[in-house]
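Visitor: Hi, could you walk me through this one? I'm new to it.
Guide: Happy to; let's bring it up.

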Amino acid sequence: MEGLQEPVRGWIRKYHSHLYHVDIDGGVYGCVLKGLLKKEGVEVLVGDWVWVDTLDEANRTGRVTQVVLPRKNELQRPKIANVDAVILVAPLREPDFDPRHIDRTLVHIAMAGLPVRLCVTKCDLAASVEEIEAIRSLYVDRLGYAVHFTSIKTGEGLEAIRRAMTGQKSVLAGASGAGKSSLLNALSPGLNLRVGDVSEKLGRGQHTTRHVELLPLADLPDTFVADSPGFSALTFAGLTPPELSRLFPEFASYREHCGFSDCLHEDEDGCAVREHLAEIPETRYAHYREMLAEVRQVDEQAKRTSQKDEYGYKTLHRKGQESVQILRLKGKNRAESRRVQRQRTPEDWHEPEDESLADEISESL
Ligand SMILES: Nc1nc2c(ncn2[C@@H]2O[C@H](COP(=O)(O)OP(=O)(O)OP(=O)(O)O)[C@@H](O)[C@H]2O)c(=O)[nH]1
Ligand SMILES: [Mg+2]
Ligand SMILES: [Zn+2]
């Protein structure tokens with residue numbers, strides 16, 4: 001029996017056994033994809049807003065005809081779209097609080113353009129109050145992040161984080177064993193998510209939680225959270241060094257006083273960040289420099305790969321003189337004039353100084 005023919009809007013809570021579970025005004029319908037949509041190659045993600053037709057109220061089924069684009073945002077790992085915030089879950093103990101991992105993940109979340117809350121779990125295992133205060137002083141007071149300190153054993157912080165999540169679609173991020181599923185079970189006991197044993201996981205680093213689903217939090221209106229099996233590919237592909245430096249909030253007030261607009265705060269003249277290094281948390285600056293080195297490498301690698309398609313190197317041997325390496329255009333680009341070629345060549349290409357060499361090169365291309 002076919003019901004409503006007019007398409008209605010909904011959004012996808014999860015994908016399971018070839019069915020998209022679409023939330024339409026709070027009711028969930030098991031939907032298949034319209035054939036055409038598959039042919040168009042549009043990837044349908046959890047969190048996507050979609051149009052659904054042929055609704056069958058009795059059997060709670062329907063058919064997804066279209067994805068509403070553009071998406072507000074889109075993450076690759078976990079594959080999810082249109083979330084409002086990321087909750088970065090990091091344990092205080094078991095395993096130990098790991099500022100390097102946290103700082104890297106904060107950068108990845110900022111790269112995705114999403115607001116973030118930090119949730120420090122297992123606070124019942126704190127050896128001292130100072131331990132917690134040190135984290136608060138760095139991440140809250142100095143860096144301005146929203147941070148929750150929680151424990152499923154004592155109930156500490158749970159009400160506050162529930163309040164903060166209300167009315168939003170959040171996604172959890174954090175290493176395996178951080179306590180993500182445990183946190184959600186404590187926030188919404190009906191969920192019954194599988195919780196793993198840390199000692200088992202530490203060796204393998206494998207996530208107990210595998211699929212992506214936006215789960216409703218009990219007794220909170222319009223509040224959903226994805227207990228994710230990971231966050232992002234954790235590579236810095238697509239990020240340039242200046243972009244990385246802008247993802248550190250502690251540089252913000254100094255950056256505009258740096259001598260160069262694209263200052264990377266290493267050893268440039270007139271760098272205001274370096275001048276105020278005493279005011280910047282040491283570990284954060286160290287992590288920035290580590291990430292900068294990586295970003296540079298990934299960025300240069302990407303540039304080289306994209307150039308390889310268009311350029312090749314050739315060695316030009318000249319009688320009685322040193323041989324020179326020249327760039328040679330490949331394929332269709334070879335027909336281009338030297339002038340055009342000059343405009344397109346990469347930065348490491350320098351125009352030969354003497355005219356005769358220039359001519360020789362020109363002939364050899
Ligand atoms: N003492 C203490 N242990 C906790 C707390 N929260 C979680 N744990 C323990 O930490 C272990 C791992 O918890 P999980 O919730 O499975 O961790 P997860 O982040 O979901 O891990 P993956 O699904 O593998 O990504 C379990 O043994 C929990 O009992 C806490 O607040 N206090
Ligand atoms: Mg889990
Ligand atoms: Zn600078």
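Guide: We'll go through a metal site, a residue and a pair of helices.
Guide: This is a predicted model, where local features need pLDDT of at least 70, side-chain atom pairs count only at pLDDT 80 or more, and totals for chains, interfaces and linings use all residues. Residues are numbered from 1 along each chain as its sequence is written, chains are lettered from A and ligands numbered from 1 in the order in which they are written, and side-chain values use heavy atoms, leaving out hydrogens and water.

Visitor: Which are the protein donors of the zinc ion (ligand 3)?
Guide: Cys258 (SG), Cys263 (SG), His265 (ND1) and Cys271 (SG), at 2.1 to 2.4 Å from the zinc ion. Donors are N, O and S atoms within 2.8 Å of the metal (3.2 Å for Na, K and Ca); water is not among the atoms, so sites may look incomplete.

Visitor: And what spacing do the donors follow along the chain?
Guide: The spacing is C-x4-C-x1-H-x5-C.

Visitor: Is Cys263 buried or exposed?
Guide: Cys263 is buried, at 4% relative accessible area. Buried means under 20%, exposed over 50%, partly exposed in between (1.4 Å probe, protein chains only).

Visitor: New topic: where is Ile102 found?
Guide: In helix H2, residues 99-111; helices are DSSP runs (H or I, at least four residues), numbered from the N terminus. Ile102 is buried too, with a relative accessible area of 1%.

Visitor: What is Ile102 in contact with, leaving aside neighbours within four places in sequence?
Guide: Leu88, Ala90, Phe97, Leu118 and Tyr139; contact means heavy atoms within 4.5 Å.

Visitor: Which residues in H4 meet H5?
Guide: Leu158, Ile161, Arg162 and Met165 in H4, which meet Leu183, Ala186 and Leu187 in H5.

How values were computed: Helix = DSSP H or I, 4+ residues; strand = E, 2+ residues; numbered from the N terminus.
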